[in-house]
Amino acid sequence: MPTENLTDKRLSKFKNKGKDPLKMRERRVAECVELRKAQRVESILKRRNIEFQPVEEPLSPEYNTDNQQVISATIQEIIENVNSDCPERQTQGCQTARKLLSRERNPPLKEVVEAGLLSRFVEFLSRNDNPTLQFEAAWSLTNVASGTSWHTQQVVEHGAVPAFISLLASPMLNISEQAVWALGNIAGDGPSYRDALIDCNVIPALLARLTPDAPVGYLRNLTWTLSNLCRNKNPFPRFSAVQQMLPSIIQLLHHSDKSVLSDACWAISYLTDGPNERIDVIIKTGILPRLVELLTFEELAVVTPALRSIGNIVSGSDVQTQAAIDAGVLTALPKLMRHPKPNVQKEAAWAVSNIAAGPRPQIQQLITCGLLSPLVDLLKNADFKTQREAVWAVTNYTSGGTVEQVVQLVKCGGLEAILNLLTVKDAKTVLVILDAINNIFLAAEKLGEVEKLCLLVEELGGLDRIELLQNHENNTVYRAAQALIEKYFSEDAADECLKTEATETDFVFGPTEVQRRFDF
Amino acid sequence: MFVTDIRKEFYDVVVNQRVALLVSADIDALCACKILQALFHCDHVQYTLVPVTGWQDLGTAFLEHKEQIKLLIKQDDDLGVPSYDDIFRDDEDEDEDGDGGDSGNESDGGSEPSGKRRRIERQRAKREWEARRREILFDYEQYEYHGTSASMVMFELAWVMTKDTKDMLWWSIIGLTDQWVHDKITHMKYVTDIATLQRHVSRHNHRNEDEENSLSIDCMRISFEYEYPVQYCEKCSHESWWECTRAIQEILQDGAASILPLKQVRQKFNSMDLSIKENLREVIEESSNKFGMKDIRVQTFSVHFGFKNRFLASDVVHAAAALLESVEKDEGATDNFIKALDCLSRSNIEKLHLGIDLTIASCICTNLILSQGPFLYCHLLEGTPDVKLFSKPLALTLLCKYLLKAFVCSTRNKRCKVLPLIMAAPMDVEKGTVIVLGIPPESETSDKKNFFGRAFEKAAESTSSRTLHDHFDTSIIELKMEDRGKFLDALITLLS
């Protein structure tokens, strides 16, 4: 979910910054460094390791030491080997470096860079006569590039990119895969390097490796790297690149391996996290039914990005939202609203809130597909972040819905649930709730049932809470509460009510309703 | 959390936050809590008090308050904590054979993939790390071990901030005494810590010498005392426990021929005014020398409130323990504790001690204690008088402790004298559960390490017995009656 609280679809238009890609490419984005640093420090790397382990011997203790002197000495040794003319020594040097860089903790990335080893490693990448050498060098460079932006920059500036792109076509699968990995790290650094890689035609080279006989491990790496090429905003990857990658990503979305599925979904989520034009591109691939299907999977790693993608899509235009509804998203959402993970509940509620901001037929579909009851449950029982989304759903719903639709929501316990949330600390949420209450009163006005609604609100304990809010520290809150009281609960308001014509229809908010509500 | 500078790393951090204080239902914890509450009150720190009775409770309470919790303060001290990195690690890699990539912590699977990945050579390294981790955790968790009393730690914090009061000092005395009474620390530790507290007592009493209200009824004075836990004759090693008590009987009867029943003697002794007990001190010393017993005095404190009310720290502990265990687990626990201190209920202590005596007597007389090979075992049957008292951990612990002592004294079997004791008592008849606890063998040099927690876990696991390991004290568990047999068999195998 984008960091801004996307709620009302009408508010969720993205502004494409329209930066010049060339400029982006040359510039060293300072913020990127900070971001990546922070991410690196905080992130937990959860990537599955590939199965193919060409080197059998385990890492001996000397590679695991933290002793600076030992490390220095080892690096000296590497430098000497790597600078020699003897291929065996060169390979030995690379291998030693690889072992240092692939150890559990505190790999000496900086020391390796500062030892000036990168140029030799990059040189070795083109040694087609010596695959072992190529492989060790590729692995070492991959690991250096996995560090901070500075580390990645060092790798790139030593000319690794063209060499790695060439290696994609290596007949040795392990080398090709290592190149995929390295390029994934470089693309993942940020939009700058991502676009630089795209300009070097990395996409066709990668896609050429997507063959039916590719081993699963290889595919996983490939999918991850592709997802990094779809990732990041400011700017988004250019349309032509996206169009190039999409068919393969769609293909991967039908794979059976959960890791592949997960990363492919993430790619879609990145691509849908943008203005409506971006969303359109995705919808046009016809991927929606598959996405909805993925929502029903057991694996959290698959459900999360699939739900994110759907959430992004329904934050688009009404037409785009309808496409998602037509693909069956409303059948999948109730279960997700009851998911054991709070985060899934939250994102499901967010999606509902955006659908509820749509036209009346879409709101009607919320009703017919049975989303009101789980929504009310979320309002009652979920964690606060989810409740917040659910509250937005109610406000959007009551704002755009017909009188009958609003009544439906009240009958499902929606009014009671939001009245109970009036006591939350977050002033913004309280305001949204007061908005919703206002909307419901507007519906009541149309039915001539304001007085009944007042009674109901009072019985539900809402009046007390609204009155209390008149003392809230937040100006907007107390003014809104005051306005509500004055308009509907004061002496003058009572008079206004009498003037309104009572309708012949059942008193919707009448006592019988009240009784039914409280018959536990 | 584990801190080295309690003021900087703990108090200064929490003082500006809203704190959730999860307190386990033991007396030391409650005392520490009282001290902390007093400090919080001083500094206007907002806090929520949540009593927890076991691991499950702790888990539930934590989840309930999770949104607001930044710091978790649990009153349970352990020493020799392993370093963070040896136990936890960033999950840079996962199970090779696992699918879905969802191993490890719960944030797995549900979060965005990392931007970059390092290729790690981890097979052997991971195996080595895991083996090391298992070793460390076993060593750490193997023994139930208690360090410095939590309330003493809190008192020192208050002292460091020069905010310590006499009330806080008394609380920390009770906390320490609780540890001693319930056999959680060695005698050495008790003596050392008592000496520390004694210095504080002197400082406080000295401070008040010039106060004009030293005679007022509201004044609280803490005095250093010697106590004779004769009824529990801790240091009795040469003579049998019975004989020792008989000796006391004689003294009390002024050498009269007829000897009162044991329990009455004890009752009499307990209900005696402290001042009378004091007079007995010399008399007892004499006879203890006569019997060649080592110094059976134990240093402790008493507090005077007003003119008449004078309470020994250990009495307070017993009263509080009895009260803690006589309530259902709710927030009532904390309130009751506070009540306990306001109106000490001596009848409860007496009732408990009486119960213990009777039970010990009957167990020994009816040969209820059986040797199972690597340990002694005693199962309290349902019909046993006062058996309900012992469905609670603290009471059962006391019983277990003294029963073992009595048994060791009364048995001629040399081997049995150095065995640990496992006791089982009915817990909930309807649910068909028993409470089981184990204590280490009776020994003067005992370091008070209790390995039963681990042993119980393993035995339960290997037999799929239905157990609940909810107590903070891991050597106490609940077990389904039907599983008792196989559970015990597994224990025997395990400990042989």
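This briefing walks through selected features of a predicted model, topic by topic. Local features need pLDDT of at least 70 and side-chain atom pairs count only at pLDDT 80 or more, while totals for chains, interfaces and linings use all residues; side-chain values use heavy atoms, with hydrogens and water left out. Residues are numbered from 1 along each chain as its sequence is written, and chains are lettered from A in the order in which they are written.

**Chain B in overview**

- Chain B has 17 helices and 12 strands, where helices (H or I, at least four residues) and strands (E, at least two) are DSSP runs numbered from the N terminus.
- Of its 496 residues, 50% count as buried; buried means under 20% relative accessible area, exposed over 50%, and partly exposed in between (1.4 Å probe, protein chains only).
- Among the contacts in chain B with a separation of 6 or more, 73% come from residues 24 or more positions apart, a contact being heavy atoms within 4.5 Å.
- The accessible surface of chain B comes to about 24,200 Å², and 51% of it belongs to carbon and sulfur atoms; such areas come from the Shrake-Rupley method with a 1.4 Å probe, and for residues only the protein chains shown count as cover.

**Aromatic pairs and charges over rings**

- Over all chains, the structure holds 10 aromatic pairs. Rings of Phe, Tyr and Trp (its six-membered ring) pair if their centres lie within 6.5 Å, and planes under 30 degrees apart count as stacked, over 60 as edge-to-face and the rest as tilted.
- One of the pairs is F441(A) with Y488(A), stacked at 4.1 Å centre to centre with 15° between the planes. This pair links distant parts of the chain, 47 residues apart: F441(A) belongs to helix α27 (residues 427-447) of chain A and Y488(A) to helix α30 (residues 475-489) of chain A. Both F441(A) and Y488(A) are buried.
- The rings of Y11(B) and F40(B) are stacked because their centres are 6.1 Å apart and their planes lie at 20°. Y11(B) is in helix α1 (residues 6-14) of chain B and F40(B) in helix α2 (residues 27-43) of chain B, so the pair ties together parts 29 residues apart in sequence. Y11(B) and F40(B) are both buried.
- One aromatic cluster is formed by F451(B), F452(B), F456(B) and F487(B).
- R117(B) lies over the face of W181(A), at 3.9 Å from the ring centre, and R278(A) lies over the face of F239(A), at 4.3 Å. A charge sits over a ring if NZ of Lys or CZ of Arg is within 6 Å of the ring centre and within 35 degrees of the ring normal.

**Helix α1 of chain B**

- F10(B), Y11(B) and V14(B) are the buried residues of α1(B). They fall within an arc of 80° seen down the helix axis, so they line one face of α1(B); the arc is that of the directions from the helix axis to the C-beta atoms.

**The open sheet of chain B**

- In chain B, 6 strands form an open sheet with mixed pairing, in the order β7-β8-β9-β10-β12-β11. Two strands pair if DSSP finds at least two bridges between them.
- β7 (369-371) and β11 (467-468) of chain B stand at the edges with a single partner strand each, so one side of each has no neighbour in the sheet.
- β7(B) runs antiparallel to strand β8 (residues 376-379) of chain B, joined by 3 bridges, and S371(B) stands opposite L376(B).
- In strand β10 (residues 433-439) of chain B, 7 of the 7 residues are buried, so β10(B) is largely enclosed by the rest of the structure. T433(B), I435(B), L437(B) and I439(B) point one way, while V434(B), V436(B) and G438(B) point the other way.
- Strand β9 (residues 421-428) of chain B is joined to β10(B) by 7 bridges and runs antiparallel to it; L421(B) stands opposite I439(B). Their hairpin has 4 residues between the strands, and G432(B) takes a positive phi near 70° there.
- β10(B) is also joined to strand β12 (residues 476-480) of chain B, antiparallel, by 5 bridges, with K480(B) as the bridge partner of T433(B).

- N143(A) lies in helix α7 (residues 131-145) of chain A and counts as buried at 0% relative accessibility. Beyond its neighbours within four places in sequence, N143(A) is in contact with L101(A), S102(A), L109(A), R118(B) and R119(B).
- Q345(A) lies in helix α21 (residues 342-355) of chain A and counts as buried at 14% relative accessibility. Not counting residues up to four places away in sequence, the residues touched by Q345(A) include L336(A), H339(A), L378(A) and T386(A).
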